[in-house]
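Please open the structure in your viewer and keep the selection tool at hand. The stops below tell you what to select next and what can be found there.

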Amino acid sequence: MIQELQLRILPEEAASEQSLKQVVARETGTSVPHIHTVRVLKRSIDARQRTIYVNVKLRAFIDEEPDKPEFQSVEYKDVSAGKPVVVVGAGPGGLFAALRLIELGLRPIVIERGKNVRERKKDIALISREHKVDEESNYSFGEGGAGAYSDGKLYTRSKKRGSVDKILNVFCQFGASTSILADAHPHIGTDKLPRVIENIREQIIRCGGEVRFETRMDALLIRSGEVVGVETNTGESFLGPVILATGHSARDVYRYLHDRQIPIEAKGIAVGVRLEHPQMLIDQIQYHRKEGRGKYLPAAEYSFVTQAGGRGVYSFCMCPGGFVVPAASGPRQVVVNGMSPSNRGSRWSNSGMVVEVRPEDYPELMKHEEMTVSKDSPLALMAFQERLEELCWLNGGMKQTAPAQRMVDFVNKKNSFDLPESSYTPGLLASPLHFWMPEFVTGRLREGFRYFGKVSRGFLTNDAVMIGVETRTSSPVRILRDKESYQHITLKGLFPCGEGAGYAGGIVSAAIDGERCAEGVAGYYDS
Ligand code: FAD
């Protein structure tokens, strides 16, 4: 017998399959030995009241075995003889485009400027150890893209439930834990993601596709207004329609397109800082208890949003039990981001605390700066992003040390004379962020922090440290494409894809967009 149950249970009851079996036995009047398997279909934590509950939807197999696996697998066929498609970038957008191309019988040739995901790890370690940023291999560039060394959060605001479920199932097929199918806020963790990415690459190659590392697209091959391939820094040409999934840190790609008058437009972003609290404090606040999360609850999360001065101020990419990481992708930059391992076990919690900025804000944002591009340029917000990252580098001592300030000191416009311990391994340098960051951003952050401190007592504290700067929240540029064919509006055969093109804002949405672009290419080949 298969029975589905919707229950509200205590965290310790939800802790393991064994404890869930006991719950099912109690609820169904069966005894534990009769319960073969319990599958969790949905799980979320309700911490609104003093007693914390876990809401679960369970499928119990009583006196029988499950006849289906926990996830649905896709069958990938041999496409060695399929028509070629060039996929530029091996982030989630590019990798999921490649997998979908294979499903559609097309042969992906993935070219990636960075190294494979294991080699890349060594370069990432050098950023913290030696303050050395390799421009082709860092937190943004390399196999797996910006999502490889991240929190691996897999939730999205996308309303396309079917597409989201498909992506999560594919992640499971390549080695992610099936808990991502059940959790309200699924995440894989930086320790598990590299293996999943390698498995995807191996599948692409097994099917007859190609994956080339340390191969950077330097130019599009254009014949009679149609993109027919790319040229790379290795001196090679790769032929086929092109899915351009280069992410939002490939500024050289935006400049290349702009220099050739290929239509792109400026797009709003959000900028600010990483805010780091002791995880214990966040657990105490969110779970309303002095002892913190205890043995059975996960590291607590938070999410804040408000409006200040006509712009959104909000927490972004929160990483409970995580680390703040140096995410620069070039010289003269300090940029921070966050990641966490699957157990979210670090002593810290961090999130981006950012203010929405729009293209029309450019003159105000650059008030005390030289405007390097015109206010109407599609590259205006990218120029602002670059300048803010440079200012951060200058104020951080011209290495990967990050300028930082205690949270209450920032709100009171006071210098911090010392800083709390932090997970940011290149080190912090006390700095008056309120003074050198644009007032457009700091004024709104101050207002936001005061409000967040009011709605969540204890959140606004000098035990929290702000680390500069968070700028890579989304793409400052949109590469314009047709809504139906997914082709660029003036260049046939070019499929701008994922976050860098302005059509995604995270791992899952980039993956969904990758699938969409692959379908666009199939339509292009059919027409
Ligand atoms: P990217 O992942 O940026 O991939 C683009 C790829 O293209 C890169 O590998 C790059 O090397 C390659 N490339 C660029 N230019 C060229 C060229 N000229 N030739 C060849 N290759 C090129 N999102 C979440 O949803 N959850 C999270 O928990 C999360 N945490 C994050 C943590 C960190 C530290 C960072 C940096 C990002 C995080 N993000 C997270 C954001 C997420 O990683 C991105 O939204 C997502 O990776 C975008 O996918 P993409 O494929 O569009 O682009």
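Predicted model: local features only at pLDDT ≥ 70, side-chain atom pairs only at ≥ 80, totals over all residues.

Begin by selecting strand β10, residues 242-244, together with β22: the two run parallel and are joined by 3 bridges.

Residues are numbered from 1 along each chain as its sequence is written.

Now widen the selection to the sheet around this pair, an open sheet of 5 strands in the order β6-β5-β4-β10-β22, with parallel pairing. At its edges are β6 (210-212) and β22 (494-496), each of which pairs on one side only. On average, neighbouring strands of this sheet are turned by 20° against each other, direction ignored; such angles run from 0 to 180 degrees between N-to-C directions, and the axes are lines fitted to C-alpha atoms, for helices over the stretch in contact.

Next, colour the protein by domain: domain 1 covers 2-62, domain 2 covers 84-266 + 477-526, and domain 3 covers 269-470, with bounds that come from an automatic or database domain assignment. The C-alpha centres of domain 2 and domain 3 lie 27 Å apart. Where the two meet, 26 residues of domain 2 are in contact with 27 residues of domain 3. On the domain 2 side, the elements that give two or more residues are α3 (117-130), α6 (251-259) and β11 (264-266). The residues of that side divide into 10 nonpolar, 10 polar and 6 charged, where Ala, Val, Leu, Ile, Met, Phe, Trp, Tyr, Cys and Pro count as nonpolar, Asp, Glu, Lys and Arg as charged, and the others, Gly among them, as polar.

Select the 43 residues around the ligand, of which G89, G91, G145, G247 and G498 come nearest; a residue is near a molecule if its C-beta atom, placed from the backbone, lies within 6 Å of it. The elements giving two or more residues to this shell are α2 (92-103), β16 (336-339), α13 (498-501) and α14 (507-526). By kind, the shell residues divide into 19 nonpolar, 18 polar and 6 charged.

Move on to another open sheet, formed by 7 strands in the order β13-β14-β17-β12-β20-β18-β19, with mixed pairing. Its edges are β13 (305-308) and β19 (428-430), each with a single partner strand, so one side of each is left without a neighbour in the sheet. Here neighbouring strands are turned by 35° against each other on average, direction ignored. Select β14 (residues 311-319) and β17 (residues 348-357), which pair in the antiparallel sense over 5 bridges, and find Y314, whose bridge partner in β17 is V354. Helix α7 (residues 279-287) lies across β12 (269-278) and β17, running at about 95° to β12, whereas helix α9 (residues 380-395) lies across β12, β17, β18 (402-406) and β20 (465-470), running at about 135° to β20.

Finish with two backbone details. Most residues other than glycine have a negative phi, and most peptide bonds are trans. The peptide bond from G468 to V469 is cis, with omega near -20°, and V469 lies in strand β20. R344, in the loop between β16 and β17, has a positive phi near 45° although it is a residue other than glycine.

Conventions:
Helix = DSSP H or I, 4+ residues; strand = E, 2+ residues; numbered from the N terminus. Pairing = 2+ DSSP bridges. Contact = placed C-beta atoms within 7 Å.
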